Amino acid sequence: MKADELREKYLEFFEARGHKRCPSDVLVPTWDPSVLFTPAGMNPFKDHFLGKVKLEFTRATSCQKCLRTGDIENVGRTPYHHTFFEMLGNFSFGDYFKREAILWAWEFLTSPKWLNLDPSRLSVSVYLDDDEAYRIWHEEVGLPQERIERMGEEENFWPAGAPTHGPDGVCGPCSEIFVHTERGPVEIWNLVFTQFNRVGPPPNNLRPLPSKNIDTGMGLERAASVLQNVDSNFHIDILRPIVEAAAEVCHVHYDPASDAGRRLRRITDHVRACTFAIHENVYPGPNREKYVVRRLLRRAVLDGHQLGCREPFLYQLVPVVVQMMKAPYPELCETEARVAEAIRLEEAAFFATLDDALRRIEHVFASMQSRGQLVVEGQAAADLYQTYGVPPELFESLAAEQGYAFDWEGFRKAMAEHGEKARKVVELFKTGPVENLKRALKFTEFVGYQTTSCQATVKGIVAGEELREEWSVSGPEHRLIVVLDRTPFYAEGGGQVGDIGVIRGEGFVYRVVDTQKDGDLILHYGYLESGTLRAGSTAKAEVDAERRQGIARAHTATHLLHYALRQTLGQHAQQQGSKVDDDWLRFDFTHQQPVTQEELEKIEQTVNQCIARPARVAWEVLPLRQARERGAMMLFGEKYPDPVRMVSIGDYSRELCGGTHLSDTSQVERFELVSEESVSAGTRRVVALTGRKAAENAARVQETVTQAARLLHAHPAALVTAVGKLLKEVRDLRKQLTSGAATAADSETEPPPADQSLDYPALKSLLKEAARLLNVSVFDVPKRLQALLDERDKLRQQVEQLRQTGLLSGESLLAEAESVGDTRLVIREIPQANPALLRHLIDQVRARGGSTAVLLAGTTDDGKVLIVTGVSRDLVQRGLHAGNWAKLVAAVVGGGGGGKPDMAQAGGKNPEKLPEALAEARRFAHQVLEGA
């Protein structure tokens, strides 16, 4: 039986028995902070099991995409371990229990209509004290006692060991089903009976639940290996072709028993896992789930490297993965090229450093061996990770192959010193007052699509970790959470920020500063402004309507932006994340290179054209399948309810969205792109403004251009040219001062441009280019120009003073030199001194050769004294130390300094004593040179 047939038979079997067939949840459940990836089939139903949501069905069945890394070291080594796998499951939420779960499992496995397994090949295990499950298996199914094994809480309880070791919470015994093969017994199905609430340590700590649940899991790959009679999950019909393709791209033969065979199986597993993750827009990166994808890819690259690959190869396997998995997941076909390119880029980045990294690792191992060291130091692993991108888990694996342990604590400490954040630990099942309200209320009715105000009843008040019946302490420092039975307040979600506003009732005013969602419960965060707030009170909930309208402008514009990006850059430019606020939006999207200025202008123009040509914005709730058929944009990796809310704009944009929107695109009023940047490899980010903020930004741009042009005495059309000319003049003046060669000022001026009227996009483009030339933000252009103009004027003055003193050069200074024995001594005051000029002149003097000693000094622009000394190396040996010379002279002018023996710099604060200082410089030089 093929894997696709097994999957469909399982779902069909339980659907025929009253179960709702549920599609696989996303692989990265962002709604669940307790996990990075979906680890089990029951994960999407956690709140169903805990009674925290309103149940629309009490029986469900699914085939869930899962990803776990806990057993990663066993992947490829054993026949059954994977990171990515599919879990078949059937679930009961207070409906049927053990008898039905056991009898249906037996029927599905043994009936000729279904899997038709020989009953004599099956055995089961039950929890030690679970007499009910034992009786059903023995008396109703008819299994003989010798094929029913009672086992302890570590093997047959969920969570494992919960009665003794915890954690507190929902738990229960389980029953496992085994198929006996030539390789021995293979566990293919686990039936979990969640019937207890653990409270504290034993004894008598398992309290019966009022509502008992069923959670079962059958690994698709493992069951398929039994049905196909193959010796490994990797040899079933949907995995063996990927293994063979991996062997082909690595140019090796697949021998299952060899070390190369193990590596090829691991490559197969990891590339399949990463294909699904990147398909859901989880790209390789440094944190959380992105780090897992990077770790898997780089581990697979290392395996390929050890098989002889020196160039990217994994990306070539993506089409094979898609081909094998497209029957249940046809959406993979839509992102095949994008996924392959993302993998290729990550491979290329790692291959670029891998050889150096492996040499460094070999050096570490050799050093450890010579010292008899058995543990890889955490600092060494941190250095490898930061320098070469080698994941510590990969380093640990290589170390284990050499028989070395790995210092994880030392690694974490080293990374903390580098400023890396530790991974956050979260609890599996949350507890507290909000969780209690979820169980009691299930959901809050949201009426915010129709109105921004409504009558409601206060259902819960949370202060700290307590549920309160009333609250009378006012002030922003006393934060509360208020729960209503119905509300117009939109809770943050889908990138849109939560609403703010006020809840007023008889005798109280409550200020809402944020709105969030926990499950189906809407939480109003805020504080009491006045009066006493009581549970059960009636109130009027009022959203800040002006802010809501600004958010709606930004959200509708976000959909227009998404459309414009895909039109301009290509269909690959899909949303990676967004934030929508009051007339402000941030949008992340897939794109492998910076967006050019021309492309940005076209994107902005497209959005504004959509605004200028009014189109109706409409939304409707419809079945997910129908929305897909009508071409709705569905973001891979997003979890959508069924039915869904589809937002349509004209005939060009359809997206599944729960946010608040305008009724017409013209209401956006205006759209302004203000920035574009990289977020991570393959992901770009733009920030934009709408409505009032866009108009304010445009006015500011126009004022900034006018101000900058006025400073340069230029027409706005000539702004960029004038900025370039100013920058060149400043550079030239600096060079003149540094060289000591003043030239005549360039008096050539450009004729004023003809009268030219500029539209706003042209003004905006000119300002951006001016900001780029000046290396500042657009609104800092006038400030930077004023600083350059002030510097130019000062430099002009200094150059003019330099010109009046005559041309300075090393040659002219030597012409004035005093001879002291065989040494030429130069001591001179230089007007308008600057360090670069004085050092340059000293270098020119010393370059002429012979014994030279030079001290140049002068007064700087800020009224301080600058002294620079330089001596030839032979004089250093004779006792004339430039640093000591400068320090001695600086003391005369109330300062200090010093430096190297052959070049030094010092300063002082009393310029009126400069003649006295120069006389002291001459005296000291004569003393040293004549004494030598």
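Here is a friendly chat about some strands and helices in this predicted model.

User: What makes strand β4 count as mostly covered?

Analyst: Buried means under 20% relative accessible area, and six of the six residues of β4 (122-127) are buried. Leu122, Val124 and Val126 point one way from the strand, Ser123, Ser125 and Tyr127 point the other way, and all are buried.

User: How do you know that β4 pairs with β5 and with β7?

Analyst: Two strands pair if at least two bridges are found between them. β4 and β5 (148-151) have four bridges in the parallel sense, and β4 and β7 (169-181) have four in the antiparallel sense, so both count as paired. Val124 is a handy residue to look for: Ile177 stands opposite in β7, and Ile148 is the bridge partner in β5.

User: Why is the crossover from β4 to β5 called right-handed?

Analyst: The chain passes from β4 through helix α4 (131-141) to β5. With the strands pointing away from the viewer, a path running clockwise from the first strand over the helix to the second is right-handed, and this β-α-β crossover is of that kind.

User: What makes β30 and β34 the edge strands?

Analyst: The open sheet runs in the order β30-β31-β32-β33-β35-β34, with mixed pairing. β30 (818-820) and β34 (896-899) each pair on one side only.

User: How do you know that helix α24 packs on the sheet?

Analyst: Contact means heavy atoms within 4.5 Å, and α24 (835-847) touches β32, β33 and β35. The direction of α24 makes about 20 degrees with that of β33.

Technical notes:
Residues are numbered from 1 along each chain as its sequence is written. This is a predicted model: local features need pLDDT of at least 70, side-chain atom pairs count only at pLDDT 80 or more; totals for chains, interfaces and linings use all residues. Side-chain values use heavy atoms; hydrogens and water are left out. Buried means under 20% relative accessible area, exposed over 50%, partly exposed in between (1.4 Å probe, protein chains only). Helices (H or I, at least four residues) and strands (E, at least two) are DSSP runs, numbered from the N terminus. Axes are lines fitted to C-alpha atoms, for helices over the stretch in contact, and angles run from 0 to 180 degrees between N-to-C directions.
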